[in-house]
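The following paragraphs lead through a predicted model. Please keep its sequence and coordinates at hand.

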Amino acid sequence: MRRFVVASRRANFYMILEIIAGLAFAGMVAATYYSFSSAPEGGQLLPSAQVASLLIGTLIPAIALVVLVGRRLAIRRAAGSTARLHVRLVFFFSMVAAIPTLLVAGFAAFLFQSGVDFWFSDDSRGLMQNANALAENYYEQNQLEVANETVAMASDMRYWLEQRTLADSGFADFYRYQAQGRDLNESAILQELPDGTLRTAALFDLPADNQPQNLQSDVFERVRGGESVVVIGGPARIEAVSAIDRDSGIYLYNARNSEAQSFISFENAKNIASAYELLTNRARALQLRFNLALFFVSIILVMVAVWFALRFADRQVEPLTELVGAARKVGAGNFSLRVDGRTGNDEIGQLNRAFNRMTAQIEQQTDALVRANSQLDARRAFMETVLESVTAGIISISPDGQVMLMNSLAQQLLLGERGPTPLQLPLETLSPQIAALAASGLPSGIVNYNKGGDLLTLAVKVAAAPEGQVITFEDITRQLLDQRQAAWSDVARRIAHEIKNPLTPIQLATERLKRRYRKQIELDGELFDELTNTIVRQVGALRNMVDEFSSFARLPKPVFREENAVDLVRQSLFLQEVAHPGINFSVDMAEEGPIVIACDRHQIGQAMTNVMKNAVEAVEARASNAEPDYRGAIRVRIAATDGGLMVSVEDNGVGLPHDQDSIVEPYVTTREKGTGLGLAIVNKIVEEHGGDMTFAAAEGGGTKVTLRFARNPIAVVRNNPGAQSMLGSGTAG
């Protein structure tokens, strides 16, 4: 049944039923019209079974249409919430009304048609035809009787006139006795005048509208011609004319009208026969009318039942619909909802009261849960705020090593800013080094962690927790680097101080020896000059080294002013172009116009000079290999970013060394004459300007150095405590 219901919904089964019922109803109406219009003439009735079948066959699809329309109205009135119950109620009431209506209509149609068949059967028709014939014979007998009575009365009147005259006093009584005794209602004696016209000589109960002298002229001609009597039959009266004295032109006129008892009986019989004949001719129309009356009464009964079912369904189902809507609102979170429907002692009232009690209890429990959750949320927010405010990474793991909690700093250190939240994942998957330290049982330790190619040094502490362990760690890579730089700065100061003091006397003594004893030395003078020049050059080299040591150790605190960074970069590039004409220099600008940043112009110029100088040295180192068709090229790109300025210097020189991570550390160099302080100084300047420096291999060989400077370094320092400590360490150095 469930599969049938689903299939019927998919196939729109009830729409198909409506179409079938409509077509069947139209077909039965057409069949009924054809049956009644094509029947043989003469008033012959249709068979009772056929008429009853036509009625039932038309009622079934019509009632089906009414029920289906009622179902559609029920679905529309229910708006989908309780449509099934509406449909069931409408179907139940429709069936309760339709089935008895069909049975009663069929029985009434059959009973009526049986009675019609009885009253319009051949026997009844023959009886009426015999009655009609009898009435006609009776009418003819009345005509014959009036004719005979008129002839006899004319003979009696002739005898009277032979003995007496019309003026005799007893003539009136004699005349009345003759007419009434023969059941004649109207009588007159007519006399023909010499001019051929007729006048009334005597009359008996002759009405004003009856003028016998105006009868057709052939009536009197026939009497003059020798006929004893001439009878004229009409619907109102039977008239007869006979001659009293043919030679004298005296005629007797008698009539029996509808007031006569015999004529009344004839008229009644004739009317009954005519009415039956008329009824017989209209019997088929009566059949159709009776069928139509039964049809419309049945349809009206079913419609009333469907209407009552809809009203009853609305009355009974409306509270259920309200409960369904209220339940949905409660499910959506409106626990303060109460239904205001019926609250009597019936089942619906009990259901409404139970629903209101349930929502009240749910509201109380929900309020308690909300308050408890609010407290938990407040505590959790406080804990999260505390965890986020801590400057160390924090990880909580379960006894089996699964990550249960991780603050943003820990996620940033281990995964990066865009990494997914690694909850319910093994710690060994995120950091095997930290997992190994936690599994070893040691309370603290130092581990190295490789993050995207950068080697970080983490100080890790492990503490036991009720449900696992809590691991805190800090990135001390910068601290170690700052400590190393501070140590190198201190070493540089000491070396510069210890070396610079004897350099000046050595140089002065050598120059003095050269000036005083060069003329006295004749042999090996050139050797003496070469030796003294060598001493002077080496002293100059040592002085340059000491100056670089001093620059690195005591880099002054930057003085920030609004400067056009594009001009500073172009000035440094111009100096290199003049000094090295054999190298192709080019500048690419992402946008036209000045790029203003807050910077120390001298330090920016020094940084750009050192980077471009390193690029020139890399190009010259590759050129010394005597590669064919090689020409050095240095390309500088300048672009403004959201936070400040980006400058990239790309060369086609020898490229990066294998250990590229350590090239910014002090005293690390790949050249024979380098001190290893140039890029360290650049890195320090860039960091104090709120930026960073990165290295990458260029396409086709060479190196690409990217420098990023903050537009407002002071704001970056304030928002980044690590940068502030970094600047502080640089300033102190």
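Strands β1 (residues 186–192) and β5 (residues 250–257) pair in the antiparallel sense over 6 bridges; strands are DSSP runs of E with at least two residues, helices runs of H or I with at least four, both numbered from the N terminus, and pairing requires at least two DSSP bridges. Within this pair, Q191 lies opposite I250 of β5. Helix α6 (residues 171–181) packs on the sheet and touches β1, β2 and β5, where contact means heavy atoms within 4.5 Å.

The open sheet comprises 5 strands in the order β2-β1-β5-β4-β3, with antiparallel pairing. At its edges are β2 (198–204) and β3 (229–233), each of which pairs on one side only.

This is a predicted model, in which local features need pLDDT of at least 70 and side-chain atom pairs count only at pLDDT 80 or more, whereas totals for chains, interfaces and linings use all residues. Residues are numbered from 1 along each chain as its sequence is written, and side-chain values use heavy atoms, without hydrogens and water.

Helix α13 (residues 432–440) has as its buried residues I434, A435, L437 and A438; buried means under 20% relative accessible area, with a 1.4 Å probe and protein chains only. These residues lie on the same side of α13 because they cover an arc of only 160 degrees around the axis, taken from the directions from the helix axis to the C-beta atoms. Just after α13, G441 adopts a positive phi of about 90 degrees.

Elsewhere, L707 is in contact with M608, V611 and L645, among others, leaving aside neighbours within four places in sequence.

How values were computed. Buried means under 20% relative accessible area, exposed over 50%, partly exposed in between (1.4 Å probe, protein chains only). Axes are lines fitted to C-alpha atoms, for helices over the stretch in contact, and angles run from 0 to 180 degrees between N-to-C directions.
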